[in-house]
Amino acid sequence: LHYDDRSHNLDELYFIDPRWLCEMMAKIVTIRERNPYIVDGILHIRNVPFLLHDQKFPAKYFKQYLTLLDRFEIAFALDNQRIIIPSLLPERRPTGIDTRDASGEPLYTRYLLFTSASTPPGFWSRLISRIMHSVPRLQFILDQHIVPSDASLPDEWGTGGMFDSHGEGRPPDAPDATCSLNYVDLSQVRVQYWRSGIFYNDGEVLLRVESLSNSKQCTRENREGVLIAASPNIHGRKLIAQLADLTTSLFKDWYQGGTMEQVAPCYECMRMKRPLPFEFRIDICHSLIAQNESTIQCQYSHHDSLKNHTASLQDIVPDLLLIDLSPEFILRSSEVIYEESRESLLGKGGYGTVYRGVCRGQPVAIKKYQSDNEEAFCELRREATLLQQFRHPCLVCLVGVCVHPLMALVLEEAPMGSLERPLIKLRQAI
């Protein structure tokens, strides 16, 4: 067994007996009699050496050991001196986490339902791990957490792959959130996690992700899935989008035989504090957005039409309107000029066609997506969310995004094509 990972020095190791590696990693999640150091799913790094008594495992490989625990999603860094083991977190849901937002308004809410009758095995351990690693606000809090100096390890063991209070040791793929989130008052932050959920509140943003069946949310019975709730502001909209994408991608990566269905409860029903708010299917909302609609009709009561009302799609599905993107990247369709002709055609893909055009006075490549295809829209969202973070003269940068009536990703034009073409395919001088 070998991992070609030079960034964490895993490429130096070759495991002749993979079963031995499994046994070494299992020492973390074993029964309490063998590992008495874990308290509510938290393990201090200083106690890890006491679990590793095998002479075949030299102390100098401690960093790689912690990296492997993270790679297999068994345990990951909570701060620079502690690791968290999601599978050993408390089962009991914490009290006091059902608070309303500081504004008094209901939280933006999304349900991701499992079509199977039960939660897939290992799902919550993996989801909590990814949330802690992938959501910038939570990552920032972990990077800034400072613990007493007397909690350090012996010198021969070092601190492993943990994050220090300045973010050093952060894996290369972790988001660098310190620049945009340095206004967070750490003294006001509250983070709690349990076996099937996580809660975060920093005074400005409130976030709760938990098992739908174990939550106190008024929903229909006998449903398993994920509840995502966040503050009704721009930061909450971004979190709803990030977490919905993260959850669906995790499910596709690990549970390819199953499916998930996304629904959103009516925000106006929640404002009126109605029991069992009407739920909108995400595909229905998507089709309305493709038709340039901004509201949707709530069908709360089939017997009394006076109880029904219209609701803003911005409050129900902010991610489908790309509200989580920076405003500078949101384009009006009238700003994008192009012709669907053979002369303007640059290429075709699985979800759309690329044309040459003009936007805001500059030549661009316009990736036009199929507006009636929900998967195509998800692909557009993923690309736009990623590309908006990068700006470099050697990269094709994002100019903007259109949602309706034209659904398109607008990029800088690369008239000479990809660098791969002259260097690898044609091997010609530039």
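Which helix holds both E268 and R271, and how many residues apart are they? Both lie in helix α6, which covers residues 267-271, and they are three residues apart, about one turn of the helix. The structure is a predicted model. The protein chain has 430 residues, and its secondary structure comes to ten helices and 18 strands.

**The chain as a whole**

- Buried residues make up 47% of the protein chain.
- The protein chain exposes about 22700 Å² of surface, and carbon and sulfur atoms supply 50% of that area.
- Among contacts with a separation of 6 or more, 63% are between residues 24 or more positions apart.

**The pair in helix α6**

- Side chains of opposite charge can pair when their charged atoms come close.
- E268 and R271 form a salt bridge, with their closest N and O atoms 2.8 Å apart.
- E268 counts as buried because its relative accessibility is 19%, and buried means under 20%.
- R271 has a relative accessibility of 39% and so counts as partly exposed.

**The salt-bridge network**

- The whole structure contains 17 salt bridges.
- Four residues, R93, D98, R208 and E210, are linked in a network of salt bridges.
- R93 lies in the loop between β3 (82-84) and β4 (108-114), while E210 lies in strand β7 (residues 206-211), so the pair ties together parts that are 117 residues apart in sequence.
- E210 also meets R208 in a salt bridge, where the N to O distance is 2.8 Å.
- R93 is buried, with a relative accessibility of 15%.
- R208 is buried as well, with a relative accessible area of 4%.
- E210 has a relative accessible area of 1%, so this residue is buried too.

**A nonpolar patch on the surface**

- L386, F390 and L395 form a nonpolar patch on the surface. Together these three residues have about 280 Å² of accessible area.
- L386 belongs to helix α9, which covers residues 374-387.
- With a relative accessible area of 48%, L386 is partly exposed.

Conventions:
Residues numbered from 1 in each chain as written. Predicted model: local features only at pLDDT ≥ 70, side-chain atom pairs only at ≥ 80, totals over all residues. Heavy atoms only, no water. Patch = residues over 30% accessible without salt bridge, like charges linked within 9 Å, V, L, I, M, F, W, Y side chains within 5 Å. Areas by Shrake-Rupley, 256 points an atom, 1.4 Å probe, with all protein chains shown as cover. Salt bridge = Lys/Arg side-chain N within 4 Å of Asp/Glu carboxyl O. Helix = DSSP H or I, 4+ residues; strand = E, 2+ residues; numbered from the N terminus. Buried < 20%, exposed > 50% of the residue type's maximum accessible area, 1.4 Å probe, protein only. Contact = heavy atoms within 4.5 Å.
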